[in-house]
Amino acid sequence: MNSSRLEQAREVRRLFDGAKLRVAREFRRLSQKALADLTDVSPAAVGQFEKGEAVPSAKTLLSLADTLRFPASYFGNGMADCQPDTPAFFRSLRSTSVRDRKHARAYVELVRGFVLSLEREVELPANSVPRYPFDPESGDLEMVDRIAAATREEFGLGEYGPIPNVVASIEQRGVVVTRTHFDSEKVDAFSVAYEDRPILVLCSDKNLFDRSRFDAAHELGHLVMHSTDHPDIKKIEQQAHRFAAGFLMPEEGIREELPTRADWAQLVALKRRWGVSIGALLRRAETLGVMTSELYVQALRTMSARGWRTDEPAPLGPPESPRLLHEAVKILEEEGFTIEDLADRASLPRDEIADIIQAAKPTRRRVRI
């Protein structure tokens, strides 16, 4: 075994962080038993390492690092701290497997570690997302509308009109937004409310402009209103959904524009103006009492019969592009940093850093004038 690597592992084990072993394992979609089988240690030992009840020997640490394809330096706590138990909010949580959720949650830890390493070189906007704590047990959804309106005001978006770029508005408040692809189509979007740097992930396989904007607004609702996991996932998802509708389609601005029945030409025009789906417009019309529940249900049946629930007419093009992470990396690349440099500074696998950087690239090119 390479003596220099062994010496590095001895140094790392002095600051060994078991939570990082858990993150790396869950990112690779391995159980404790599967990792143990691959590294010739017991599942009980892996559990003890992750809980901080024991520290692996230098040789075992290298074996774990090699099996998980992480640099050994990652497992020390001298770099970014690890917070795998900070609450994460998932869309479609009930239909997402535990393994997929753990993988996605671990991915956010890698993104956060990368971002914190970038912040040693590049100044990012401070986290200024407003907080309006909302009781998950509350059924007062009209209060959620008021919170959405207050958030629009804090963002400087005005009371009435469409939001030009939802993702940019969120990033300007210091939230790192990234877009990536997961093997599971059940993962729509999710966010983690770190106090220093919230992370919001949009999934590339839901590559629709209107769907992506609603997902981003939905996750913003969690960051604004919710701070802990709640056993009744349906309630907090309903609250975040209502927030997104109020944030994107404020009552004062859209009520007079909404049809009382399913006028498809008018709904297509509104879709283009407000950047939201026809389905979201119909739901907002029903919520605000502009359209009766009976006509709303009838409209949904018509959409289903025409195949529009999954493939609406009048597509709006590619989704909005996150830019914050891309611009930070671009600054460092212009100063001569390579992907290898950035990965080494973050103590993260180079291929994963390359994927994070690739995912941060805009989906549409910006025209500069």
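This is a predicted model: local features need pLDDT of at least 70, side-chain atom pairs count only at pLDDT 80 or more; totals for chains, interfaces and linings use all residues.
User: Why is Arg29 called partly exposed?

Analyst: Its relative accessibility is 22%. Buried needs a value under 20%, and exposed needs one over 50%. Arg29 falls in between, so it counts as partly exposed.

User: Is Ala314 buried or exposed?

Analyst: Ala314 has a relative accessible area of 15%. The cut-off for buried is under 20%, so Ala314 is buried. Ala314 lies in the loop between helix H14 (293-305) and H15. Ala314 also has a positive phi of about 60 degrees, although it is not a glycine.

User: Why is Leu38 called exposed?

Analyst: Leu38 has a relative accessibility of 54%. Exposed means over 50%, so Leu38 qualifies. Its place is in helix H3 (residues 32-39). Leaving aside residues up to four places away in sequence, Leu38 touches Leu30 and Thr67.

User: Which residues of H5 are buried, and what do they pack against?

Analyst: In H5 (residues 58-68), the buried residues are Ala58, Thr60, Leu61, Leu62, Leu64, Ala65 and Leu68. They pack against helix H1 (3-13), H2, H3 and helix H4 (43-51).

User: How many aromatic pairs are there, and why is Phe27 with Phe70 called edge-to-face?

Analyst: The count comes to seven aromatic pairs. The ring centres of Phe27 and Phe70 are 6.4 Å apart, and their planes stand at 85 degrees. Pairing needs centres within 6.5 Å, and edge-to-face needs planes over 60 degrees apart. Both conditions hold, so Phe27 and Phe70 form an edge-to-face pair.

User: What makes this pair a tie between separate parts of the chain?

Analyst: Phe27 lies in helix H2, while Phe70 lies in the loop between H5 and strand S1 (88-90). These parts are 43 residues apart in sequence, so the pair ties them together. Phe27 and Phe70 are both buried.

User: Why is Phe70 with Tyr74 called tilted?

Analyst: The planes of Phe70 and Tyr74 stand at 50 degrees, with ring centres 4.9 Å apart. Stacked needs under 30 degrees and edge-to-face over 60. Phe70 and Tyr74 are both buried. One aromatic cluster is formed by Phe27, Phe70, Tyr74 and Phe75.

User: How do you know that the charged end of Lys20 sits over the ring of Tyr74?

Analyst: The charged end of Lys20 is 5.2 Å from the ring centre of Tyr74. The distance limit is 6 Å, and the charge must also lie within 35 degrees of the ring normal. Lys20 counts as sitting over the ring. Elsewhere, Arg112 lies over the face of Tyr194, at 4.6 Å from the ring centre.

User: What makes S1 and S2 edge strands?

Analyst: The open sheet has four strands in the order S1-S3-S4-S2, with mixed pairing. S1 and S2 each have a single partner strand, so one side of each is left without a neighbour in the sheet. Neighbouring strands are turned by 15 degrees against each other on average, direction ignored.

User: How do you know that S2 and S4 pair?

Analyst: Pairing takes at least two bridges. S2 and strand S4 (residues 199-203) have five, in the parallel sense. Within this pairing, Thr180 stands opposite Cys203 in S4. Helix H9 (residues 209-225) packs on the sheet and touches S1, S2, strand S3 (189-192) and S4.

User: Why is S2 called largely enclosed?

Analyst: Five of the five residues of S2 are buried, so the rest of the structure largely encloses this strand. Val176, Thr178 and Thr180 point one way, Val177 and Arg179 the other.

User: Which residues of H17 are buried, and why are they said to line one face?

Analyst: In H17 (residues 350-359), Glu352, Ile353, Ile356, Ile357 and Ala359 are buried. Seen down the helix axis, they fall within an arc of 165 degrees, so they line one face. Their cover includes helix H2 (18-27), helix H6 (98-118), strand S2 (176-180), helix H15 (324-334) and helix H16 (339-346).

Conventions. Residues are numbered from 1 along each chain as its sequence is written. Side-chain values use heavy atoms; hydrogens and water are left out. Buried means under 20% relative accessible area, exposed over 50%, partly exposed in between (1.4 Å probe, protein chains only). Helices (H or I, at least four residues) and strands (E, at least two) are DSSP runs, numbered from the N terminus. The arc is that of the directions from the helix axis to the C-beta atoms. Contact means heavy atoms within 4.5 Å. Rings of Phe, Tyr and Trp (its six-membered ring) pair if their centres lie within 6.5 Å; planes under 30 degrees apart count as stacked, over 60 as edge-to-face and the rest as tilted. Axes are lines fitted to C-alpha atoms, for helices over the stretch in contact, and angles run from 0 to 180 degrees between N-to-C directions.
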